[in-house]
Amino acid sequence: RDTMLRHLNEHPDFAWPESVDKAALERAVRIRDMEDAFVCPLLGLPEHTEYWKAADTWPSLRRIRAPTSILVASDDPIVSPNSHPVEITAESDHLLLIRTR
């Protein structure tokens, strides 16, 4: 958050969209707070849960028919290992799940 705010403030030509609550972004502590304050308004979404639904790739994984590797990290601080598509990739002849430590 601090890096993003510093970058945006260092570029006076950046026009804050009216939909973005700059004060809410400055108060943001969690990623979801940043999504609510910045990302969702830019996309016209009401809150982070709607953003997560719109950005969810799981529904499309079963439709992939080309060989595809999915690289995930077991120690990712943002994406929990519980959310890795283990079952979907195990059922597919086209998906390969690669987990790093």
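1. Basis. This is a predicted model, in which local features need pLDDT of at least 70 and side-chain atom pairs count only at pLDDT 80 or more, while totals for chains, interfaces and linings use all residues. Residues are numbered from 1 along each chain as its sequence is written, and side-chain values use heavy atoms, without hydrogens or water.

2. Largest pocket. Its volume is about 640 Å³. Of the 20 lining residues, Trp-52, Ile-78, Val-79, Ser-80 and Ser-83 are the closest to its centre. (A pocket is an open set of points on a 1 Å grid over the protein atoms alone where a 1.4 Å probe fits, with protein on both sides within 12 Å along at least five of seven lines; lining residues have an atom within 4 Å of a point. Volume is the space filled by probe spheres set on the points.)

3. Lining. Helix H4 (48–55) gives the largest share, four residues. H3 (31–43), H4, H5 (58–61) and strand E1 each supply at least two. By class, the lining has 11 nonpolar, four polar and five charged residues. (Helices, H or I with at least four residues, and strands, E with at least two, are DSSP runs numbered from the N terminus.)

4. Nonpolar patch. Ile-31, Ile-78 and Val-79 make a surface patch of about 270 Å². (Patch residues have over 30% relative accessible area and no salt bridge; nonpolar side chains are joined within 5 Å, like charges within 9 Å.) Val-79 lies in the loop between E1 (68–73) and H6 (86–91). Val-79 is partly exposed, because its relative accessibility is 37%. (Buried means under 20%, exposed over 50%, partly exposed in between, with a 1.4 Å probe and protein chains only.)

5. Salt bridges. The structure holds three. (The criterion is a Lys or Arg side-chain nitrogen within 4 Å of an Asp or Glu carboxyl oxygen.) Asp-33 pairs with Arg-30 at 3.0 Å, N to O. Lys-53 pairs with Glu-50, closest N and O atoms 3.4 Å apart. Those two are about one helical turn apart, because they sit three residues apart in H4.

6. The bridge between elements. Glu-91 and Arg-62 pair at 3.3 Å between their closest N and O atoms. Glu-91 is in H6 and Arg-62 in the loop between H5 and E1, so the pair ties together parts 29 residues apart in sequence. Glu-91 is exposed at 56%; Arg-62 is partly exposed at 48%.

7. Distances. Ala-23, in H2 (22–27), lies 43 Å from Leu-96, C-alpha to C-alpha. Arg-63 and Pro-46 are 17 residues apart along the chain, with C-alpha atoms separated by 28 Å.

Conventions:
Accessible areas come from the Shrake-Rupley method with a 1.4 Å probe; for residues, only the protein chains shown count as cover. Ala, Val, Leu, Ile, Met, Phe, Trp, Tyr, Cys and Pro count as nonpolar, Asp, Glu, Lys and Arg as charged, and the others, Gly among them, as polar.
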